[in-house]
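Dear colleague,

I am handing over the structure that you will be working with, and below it you will find my notes on what was found. Please read them slowly, with the structure open beside you.

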Amino acid sequence: MAVLMEVKNLVTRFYTQEGVVHAVNDVSYPLHEGETLGIVGESGSGKSVHVLSIMGLIPTPPGKIEQGEVLFRGRDLLKLKSEEMRLVRGAEIAMIFQDPMTSLNPVLNVGTQITEALKLHLGMSNTAANTRAAELLDMVGISDARKRLDNYPHQFSGGMRQRVMIAMALSCNPKLLIADEPTTALDVTIQAQIIELVKRLRDELRMAMIWITHDLGVVAGIADTIQVMYGGRIVERGPVKEVFGDPRHPYTLGLLKSLPRLDQNSKNSKLVQIEGAPPDMRYMPQGCSFAPRCPYCIERSLQERPPLEPAKEGSGQHLVACWVDVREGVTQSG
Amino acid sequence: MGREALLQVRGLKKYFPIVSGIVFQRQVGAVKAVDDVNFDVFKGETLGMVGESGCGKSTTGRTVLQLYKPTAGSVIFEGRELTTLPAEELRKTRKRMQIIFQDPFASLNPRMTVGSIISEPLVIHRMFPNKREQQEYVEQLMERVGLNPFYINRYPHEFSGGQRQRIGIARALALKPSFIVADEPISALDVSIQAQVINLLSDLQQEFGLTYLFIAHDLSMVRHICDRVAVMYLGKIVELGQTDEVYDNPLHPYTQALLSAVPIPDPIAEAKRQRVILTGDVPSPARPPIGCNFNTRCPVHFDLCHHDPDPPLVEAQPGHWVACHRVTP
Ligand SMILES: Nc1ncnc2c1ncn2[C@@H]1O[C@H](COP(=O)(O)OP(=O)(O)OP(=O)(O)O)[C@@H](O)[C@H]1O
Ligand SMILES: Nc1ncnc2c1ncn2[C@@H]1O[C@H](COP(=O)(O)OP(=O)(O)OP(=O)(O)O)[C@@H](O)[C@H]1O
Ligand SMILES: [Mg+2]
Ligand SMILES: [Mg+2]
């Protein structure tokens, strides 16, 4: 598959009163056409800031994209003027958020909101846009779609609003859908509905997706590639089966071991816990950001930052940033 | 296994009135948040309580602790009926029952030091006449939950989420309770921190012989930590039994759908799964359906499910209870 987007050496910082927050630190990766990339990482690891940087939505100040390129179908998005970027957003790249109300306007009925995008990006007439809007609501499983076009966002339940937002996001057949924790606030049965829906639409429309979540289970079910972020960097990345089956970064390994499984009885064993707390993004350590919590940490981890490189004896697609080979299993704390 | 009930809940109801009118307020309906719930919690066990948002888990926990006055029903704790207990007696009994909240940020007073937060219940119940002894005890508690006693004079905002949850746990432990309601104690925490708190809760249970009512929506974690589990739907318990039994052999169609919706962090297992995708949303507890509460979303509903009375919770297999006309016609 051809490369759809390439992120190169992206660095984003926030200049706050409390200090400089190093939110995204030298992030590079390709995204292929039709590929679904799942991004996981703990709160504050730079997942949202990195996609907001791609979309040109970083509040400046305090934020600043310090360096990098985002090549999307040949153009560097970071160099586009704001009007040009507005045309990319919504048409070629669409985004859905955790809180649908960040993209829905509470004082306009949903029909108006969907048809506006269709008229702006696709130059549709009123009638054509209305018909299409009803089709879109129908496509995301909202019954009685024509009538619901007159409804305001508050007249929908949480799960339905999420679907309205998805309908809006997909209205112009984007090449890339970026989803930032779109199901985190929803119940699991509703989450399952939304994920089924998005998977079906993705396959029908042949979109690429970036799906941000903290739920490794969601990534396992939806993504082709997983990317694990820690301290504003990619610490591990690769095909999902390879990374889940053979995790190489101590953080990924720790996360997977700390999770109990629905399909297994683990009552008589203790969960493996990751010690310590997430890093303060104002202080960039010289070495690996995970070192203070890492059971495999060696002297070099404290001195020098490990580069993201192909995992030993891996497929070549599987990358990891760690000086230690976790398969050898030498943990310092025993 | 000791099957002595520490807590017995019978016919518990909690309805919140819906009022209308500004000057002359009158009740126009009720939110049936908890609607005729029956369960026991055995001494030393962890009973999980799961179900979707708004199904009444927190209200059940709070009504059991008499933080809300029940609309009807009985709650027997350590042999005493709580619902009719005089205020002073209830206050004494409260020492034995504590609650840990979901949000470690909202539940701690930002203007109090950690030391005063943890010792507050000790002061209220006048446990230590001697200040020095009280401080030593608080330091011991901090140490026990994994907080450095050196930080006793710091404020909550100086701690991380996981540490704040530890402060809440230390406060709940201060009066040496026998029963703790843990209302989503890990939902607000990062995945990497959740295991720390769960391991701490199970160590403390061992050490102090605690009994937990563990409210959660992380069904995988519930399987790990709970001996038995109650599944709630729209104010009612629809299934109750040993955790492994309920997870491996769910009887209620709602439990089946709920479990099948939970993602598993394993791409190979995920690719093989058969999901029961429910349509629609949970109905409003102010206007529950006629008949079985689940009939609007149930994949296997039939005539009987649409008529009152709704299916009662019956013991379909030893220790495994279910409320469904399909299972027990
Ligand atoms: N507007 C802002 N001003 C200052 N700092 C910010 C701003 N937005 C984000 N940050 C900081 O940037 C860092 C990365 O934040 P980001 O929102 O990308 O995290 P995340 O990985 O998406 O976390 P979560 O899982 O909580 O959504 C954090 O330290 C955050 O506090
Ligand atoms: N103080 C209150 N006044 C009125 N209605 C309430 C009150 N507390 C809860 N409710 C309603 O009672 C129902 C049950 O709420 P409850 O908080 O017990 O649900 P829950 O299962 O704990 O949900 P969640 O998973 O979201 O915490 C909901 O419909 C809620 O809106
Ligand atoms: Mg985020
Ligand atoms: Mg609750």
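Before the notes themselves, one term is needed: a salt bridge is here a side-chain nitrogen of Lys or Arg within 4 Å of a carboxyl oxygen of Asp or Glu. By this rule, Arg132(A) forms a salt bridge with Glu135(A), and their closest N and O atoms are 3.1 Å apart. Because the two residues are 3 positions apart in helix H4 (residues 126-139) of chain A, Arg132(A) and Glu135(A) are separated by about one helical turn. Over all chains, the count comes to 36 salt bridges.

Please keep in mind that this is a predicted model, in which local features need pLDDT of at least 70 and side-chain atom pairs count only at pLDDT 80 or more, while totals for chains, interfaces and linings use all residues. Residues are numbered from 1 along each chain as its sequence is written, chains are lettered from A and ligands numbered from 1 in the order in which they are written, and side-chain values use heavy atoms, with hydrogens and water left out. Helices (H or I, at least four residues) and strands (E, at least two) are DSSP runs, numbered from the N terminus.

Ligand 1

A residue is near a molecule if one of its heavy atoms lies within 4 Å of it. There are 16 residues around ligand 1, and those that come nearest are Ser43(A), Gly44(A), Lys47(A), Ser48(A) and Val49(A). For polar contacts, the rule asks for a pair of N or O atoms within 3.5 Å; within protein, one must be able to donate a hydrogen and the other to accept it, and residues adjacent in sequence count only if both atoms are side-chain atoms. A polar side-chain atom of Lys47(A) lies 2.8 Å from an oxygen atom of ligand 1, and for a polar side-chain atom of Ser48(A) the distance to an oxygen atom of this ligand is 2.7 Å. In the side chain of Glu181(A), an N or O atom is 3.5 Å from an oxygen atom of ligand 1. The protein covers 67% of the 640 Å² of accessible area that ligand 1 has on its own, where accessible areas come from the Shrake-Rupley method with a 1.4 Å probe and, for residues, only the protein chains shown count as cover.

Which element gives the most to the shell around ligand 1? It is H1(A), with 3 residues, although strand S1 (3-16), strand S2 (19-32) and helix H1 (47-54) of chain A each supply at least two.

Ligand 2

Around ligand 2 there are 14 residues, of which Ser53(B), Gly54(B), Lys57(B), Ser58(B) and Thr59(B) come nearest. A polar side-chain atom of Ser53(B) lies 2.6 Å from an oxygen atom of ligand 2, whereas Gly54(B) places a backbone N or O atom 2.8 Å from an oxygen atom of the ligand, and Gly56(B) places one at 3.0 Å. Of the 640 Å² of accessible area that ligand 2 has on its own, the protein covers 64%. Two or more residues of this shell come from each of strand S2 (26-42) and helix H1 (57-64) of chain B, and the largest share, 3 residues, is from H1(B).

The two chains together

How many residues of chain A are in contact with chain B? With contact meaning heavy atoms within 4.5 Å, 46 residues of chain A meet 41 residues of chain B. The area buried between them is about 3,700 Å², of which carbon and sulfur atoms give 60%; buried area is the accessible area (1.4 Å probe) that two parts lose on being put together, summed over both. In chain A, Thr189(A), Leu262(A) and Lys267(A) lose the most area to chain B, together 20% of what that side buries.

The count between chain A and chain B is 3 salt bridges, and the side chains of Arg261(A) and Asp266(B) meet in a salt bridge at 3.1 Å, N to O.

Backbone details

A cis peptide bond joins Thr60(A) and Pro61(A), with omega about -20 degrees, and another cis peptide bond, with omega about 10 degrees, joins Pro61(A) and Pro62(A). Pro61(A) is found in the loop between H1 and strand S4 (63-72) of chain A.
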